[in-house]
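Me: I am new to this structure. Please show me how to read it, one feature at a time.

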Protein chains: 4
Amino acid sequence: MRDTPIRRRKDARPAELLAAAREVFAAKGFAAARMEDIAARAGVSKGTVYLYFPSKQAVFEALVRQAILPNVERLEAMAAAYEGPTADLLRQAMALFPTLVRDPKVVTIPRLVIGEAGNQPEMADFYRREVVERGLGLISGILRRGAERGEFRPLAPDTVAKLWFAPLLLAVVWRTTFEPVGGAPLELDDYLRTHVDIMLRGLAPEGGTDAA
Amino acid sequence: MRDTPIRRRKDARPAELLAAAREVFAAKGFAAARMEDIAARAGVSKGTVYLYFPSKQAVFEALVRQAILPNVERLEAMAAAYEGPTADLLRQAMALFPTLVRDPKVVTIPRLVIGEAGNQPEMADFYRREVVERGLGLISGILRRGAERGEFRPLAPDTVAKLWFAPLLLAVVWRTTFEPVGGAPLELDDYLRTHVDIMLRGLAPEGGTDAA
Amino acid sequence: MRDTPIRRRKDARPAELLAAAREVFAAKGFAAARMEDIAARAGVSKGTVYLYFPSKQAVFEALVRQAILPNVERLEAMAAAYEGPTADLLRQAMALFPTLVRDPKVVTIPRLVIGEAGNQPEMADFYRREVVERGLGLISGILRRGAERGEFRPLAPDTVAKLWFAPLLLAVVWRTTFEPVGGAPLELDDYLRTHVDIMLRGLAPEGGTDAA
Amino acid sequence: MRDTPIRRRKDARPAELLAAAREVFAAKGFAAARMEDIAARAGVSKGTVYLYFPSKQAVFEALVRQAILPNVERLEAMAAAYEGPTADLLRQAMALFPTLVRDPKVVTIPRLVIGEAGNQPEMADFYRREVVERGLGLISGILRRGAERGEFRPLAPDTVAKLWFAPLLLAVVWRTTFEPVGGAPLELDDYLRTHVDIMLRGLAPEGGTDAA
DNA sequence: GATGAATGAGGGTTCATTCAT
DNA sequence: AATGAATGAACCCTCATTCAT
């Protein structure tokens with residue numbers, strides 16, 4: 001009733017525009033994406049985009065916020081609620097990523113942020129604070145928990161957090177940058193499972209066995 | 001110092017221009033970099049750049065080639081010449097990277113390639129083939145060697161190679177994208193030492209001890 | 001007068017722009033004509049021209065087509081419909097030219113084509129096929145008709161067609177190239193009447209009298 | 001001796017440069033011809049051209065003067081010396097043109113003048129006065145002589161002169177503009193012989209027979 | 001709200017001309 | 001005389017943004 005396909009709710013417009021923007025940005029990068037392309041892909045005219053976003057940069061910012069933050073929050077909630085062996089928590093957390101890295105809504109963004117960092121430092125800063133640091137802090141916390149419980153060797157948690165994170169970044173870059181130009185598709189599940197396996201073994205205290 | 005202004009200059013110009021281009025590209029990305037900026041930073045006029053490179057893209061390509069290929073070749077040579085415990089070879093190889101990742105001539109490039117992949121697929125393809133695949137192939141080979149000699153668990157070498165590689169990518173992105181906007185400096189030596197330590201432990205066969 | 005400034009304008013714009021382009025091209029030639037000049041003379045901004053024509057060459061091509069083809073078609077129609085003494089047909093056909101040669105929309109074009117032939121061979125080829133060859137073919141046909149009916153000497157029609165045509169070319173060149181720099185105005189009517197007179201006498205068979 | 005092929009007389013340079021300029025201008029038109037092209041075709045460096053000509057326009061002017069004037073003078077000399085039937089004089093004069101129209105040094109120039117008239121009015125004016133008006137004046141004089149001797153009908157000599165001239169212009173345009181893009185080669189000798197034949201018949205007084 | 005014609009600043013590229021060697 | 005590296009003005013074209021309808 002209140003969603004006739006012919007006369008769409010105007011509330012849906014921003015999201016539609018962001019979806020269109022994501023596709024165009026993903027295909028051409030920020031600089032080469034034309035507002036007209038975005039409008040066309042959303043099925044509206046050029047002027048209409050400006051009714052919802054004051055500028056191309058604003059579209060980009062909205063896109064980044066919308067696509068990433070919910071996932072960070074979901075992860076944080078999972079970690080906060082968890083009780084049990086730390087290794088399992090890490091396994092569970094990493095298990096979320098194959099889906100995310102396959103989701104174009106998500107995987108597209110980091111590449112754009114990296115590419116635009118020079119021109120849009122505020123955006124890069126925002127992304128660093130709200131996504132990267134929060135994500136790393138989350139892993140650090142888990143690692144600290146594991147070290148305190150004697151499950152892991154006591155390595156510097158901030159450093160190890162980055163090492164947990166790095167293969168995810170590689171996966172994102174691989175899929176967005178190298179697969180489109182002929183790179184062999186990444187076997188995400190194997191890849192991340194191996195990652196977790198090596199990391200947990202590598203972190204295990206001298207005597208104990210940790211990886212199940 | 002010894003600046004015969006004209007004739008001697010000619011030979012040095014391409015390198016000077018590439019250095020200038022690297023700085024400008026690093027600061028603004030490919031699209032936003034203006035040829036005039038590059039020229040000005042090299043101390044010449046706009047037209048002069050075109051005496052040495054036929055287009056902006058050509059500058060970019062020359063930059064990528066010049067900055068990266070020699071390093072890949074150096075690594076390959078090192079691996080080919082090596083005899084001894086495989087773990088030591090990996091340690092030696094990884095020990096080269098702190099210098100590389102600190103070298104602006106090198107660290108700048110991957111970010112540009114990632115940012116421009118949409119617009120310059122050939123460049124991304126070139127980089128994939130000549131840098132990424134060669135680098136991964138190198139590590140794969142080392143891992144295979146290690147597995148054959150019974151030094152490592154027999155995990156899929158192509159997958160593990162990416163896991164060795166991933167922290168380097170993160171280091172590059174960190175330094176180029178997040179440090180400039182307030183990220184805490186990466187402690188490269190610690191970071192890579194920890195990486196090697198965890199990986200070698202994680203790869204060690206069940207009974208044996210490998211990490212020193 | 002009735003100048004609804006926007007919406008009604010859109011349909012008129014191409015013609016306005018072509019008129020402006022013709023004036024600028026006529027004054028400076030193709031190469032030296034600046035898009036900005038054309039825009040300014042049409043009372044619009046630079047970018048507007050590109051809403052209607054994708055490039056400077058496209059403006060030129062549209063101009064040539066629009067200015068010339070209708071006249072060729074008109075002549076062909078006249079010849080096809082004609083019955084009566086062939087000499088009269090030639091007189092009638094040539095009587096159309098004073099108007100055409102005085103029309104700046106028409107007379108400007110051949111000079112541009114001649115001047116640009118080196119750089120725009122396709123344009124020259126188009127003009128040759130669609131204007132020159134068709135025009136000459138028309139005259140050839142008429143001459144053949146006259147020869148068959150015994151009204152003319154049987155000279156090679158293709159050759160004689162060019163001789164009928166040549167004074168028109170001279171008239172065009174004279175008006176566009178030499179009058180503006182001090183050449184005495186061409187008395188078009190006299191000039192062409194004399195041309196027809198001499199040609200018809202010159203073509204008349206030995207005994208017969210044909211020219212009135 | 002004084003013309004070792006290795007060390008050419010510097011006196012030859014201007015002529016060599018003009019020959020090169022003619023070829024380049026002929027191929028691309030004035031605007032699109034690059035000084036570097038001219039230099040390269042003459043086998044010298046860019047700067048050298050400026051030792052002999054102060055600018056691109058100056059090259060063009062020198063070219064026009066050098067290529068055309070001698071021919072006009074030759075024609076005038078022929079006419080001044082002539083005694084005999086006027087028709088024969090015209091025949092002899094026209095017989096010179098097949099050679100001229102085939103000579104690239106000559107045939108190239110008018111097209112350039114026509115194309116550049118807008119931008120170089122002085123050049124067009126020079127050409128009009130020194131070539132066109134002198135040529136037409138020459139023919140006018142001959143026609144007047146013929147009319148006075150009762151050999152021709154008393155038509156306005158200035159008008160008829162243009163009609164004598166027009167086929168030559170067409171021949172020039174044909175060869176330079178349309179032959180290169182697929183026009184059938186002009187049969188110059190036939191073409192001009194027919195021209196002379198028709199004109200002389202057309203000019204002949206009522207009763208008399210003039211054409212041999 | 002929606003449109004899309006219009007704007008005009010901006011940047012890549014070319015090339016006539018200069019001048020130190 | 002000759003070179004050719006260097007200059008910088010000029011111009012085509014793009015596209016983010018505006019605004020009258």
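Me: What lies 3.1 Å from a backbone N or O atom of A:Ser45?

Reply: A polar contact is a pair of N or O atoms within 3.5 Å. Here, in a predicted model, a backbone N or O atom of A:Ser45 lies 3.1 Å from a phosphate oxygen of DNA strand E. For D:Ala33, a backbone N or O atom is 3.1 Å from a phosphate oxygen of DNA strand E.

Me: How many charged residues does the surface near DNA strand E have?

Reply: Asp, Glu, Lys and Arg count as charged. The surface near DNA strand E has 12 of them, with 12 nonpolar and eight polar residues.

Me: Which residues of helix α2 of chain A are buried?

Reply: Buried means under 20% relative accessible area, with a 1.4 Å probe and protein chains only. Helices are DSSP runs of H or I with at least four residues. In α2 (residues 35-42) of chain A, the buried residues are A:Met35, A:Asp37, A:Ile38, A:Ala39 and A:Ala42. Just after this helix, A:Gly43 takes a positive phi of about 75°.

Me: How are residues and chains labelled?

Reply: Residues are numbered from 1 along each chain as its sequence is written, and chains are lettered from A in the order in which they are written. In this predicted model, local features need pLDDT of at least 70, side-chain atom pairs count only at pLDDT 80 or more, and totals for chains, interfaces and linings use all residues; side-chain values use heavy atoms, without hydrogens and water.

Note on methods. A polar contact is a pair of N or O atoms within 3.5 Å; within protein, one must be able to donate a hydrogen and the other to accept it, and residues adjacent in sequence count only if both atoms are side-chain atoms. Buried means under 20% relative accessible area, exposed over 50%, partly exposed in between (1.4 Å probe, protein chains only). Helices (H or I, at least four residues) and strands (E, at least two) are DSSP runs, numbered from the N terminus.
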